[in-house]
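Subject: Structure handover

Hello,

The structure is pasted below, sequence included. My notes on what was found in it follow.

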Amino acid sequence: MAGAIAKAILPGKQGGGWFSTLILGVVGALLGGWLGSLLGLGSIDEFFSIGTWLLAIGGSLIVIVLWRLITRKK
């Protein structure tokens with residue numbers, strides 16, 4: 001879900017269907033949780049916590065931006 005929300009926030013021409021969105025959400029959630037705990041912003045201990053969702057969505061946004069930078073056509 002975090003990947004789908006992040007894709008809705010940053011619309012554009014990014015390829016992939018449900019599987020890439022799933023991978024994006026998982027990687028983004030892991031990245032967001034890791035960065036959040038590293039910076040002392042919280043952790044991803046609870047599924048229904050708004051902080052957990054914000055960290056996961058923020059991580060997914062970072063992953064989308066990085067993916068666009070890597071795969072953009074020159």
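**Starting from V63**

V63 is buried, with a relative accessible area of 17%; buried means under 20% relative accessible area, exposed over 50% and partly exposed in between, with a 1.4 Å probe and protein chains only. This is a predicted model, in which local features need pLDDT of at least 70 and side-chain atom pairs count only at pLDDT 80 or more, while totals for chains, interfaces and linings use all residues. Residues are numbered from 1 along each chain as its sequence is written, and side-chain values use heavy atoms, with hydrogens and water left out.

V63 sits in helix α3, residues 50–71. Helices are DSSP runs of H or I with at least four residues, strands are runs of E with at least two, and both are numbered from the N terminus. Apart from neighbours within four places in sequence, V63 is in contact (heavy atoms within 4.5 Å) with L24, V27, G28 and L31. The C-alpha atoms of V63 and L31 are 8.2 Å apart, although 32 residues separate the two in sequence.

**S60**

Helix α3 also holds S60. S60 is buried, at a relative accessible area of 0%. Not counting residues up to four places away in sequence, S60 touches A2, G3, A6, L24, G25, G28 and A29.

**Helices α1 and α3**

The axes of α1 (residues 2–9) and α3 come within 8 Å and cross at roughly 60°. These axes are lines fitted to C-alpha atoms over the stretch in contact, and angles run from 0 to 180 degrees between N-to-C directions. The angle makes α1 oblique to α3, since under 35 degrees counts as roughly parallel, over 145 as roughly antiparallel, 65 to 115 as roughly perpendicular and the rest as oblique.

From α1, the residues A2, G3, I5, A6, K7 and I9 meet W53, A56, I57, S60, L61 and I64 of α3. Nine of the residues in this contact are nonpolar, two are polar and one is charged. Here Ala, Val, Leu, Ile, Met, Phe, Trp, Tyr, Cys and Pro count as nonpolar, Asp, Glu, Lys and Arg as charged, and the others, Gly among them, as polar.

**The chain as a whole**

The protein chain has three helices and zero strands. Of its 74 residues, 26% are buried. Among contacts with a separation of 6 or more, 60% join residues 24 or more positions apart.

Regards
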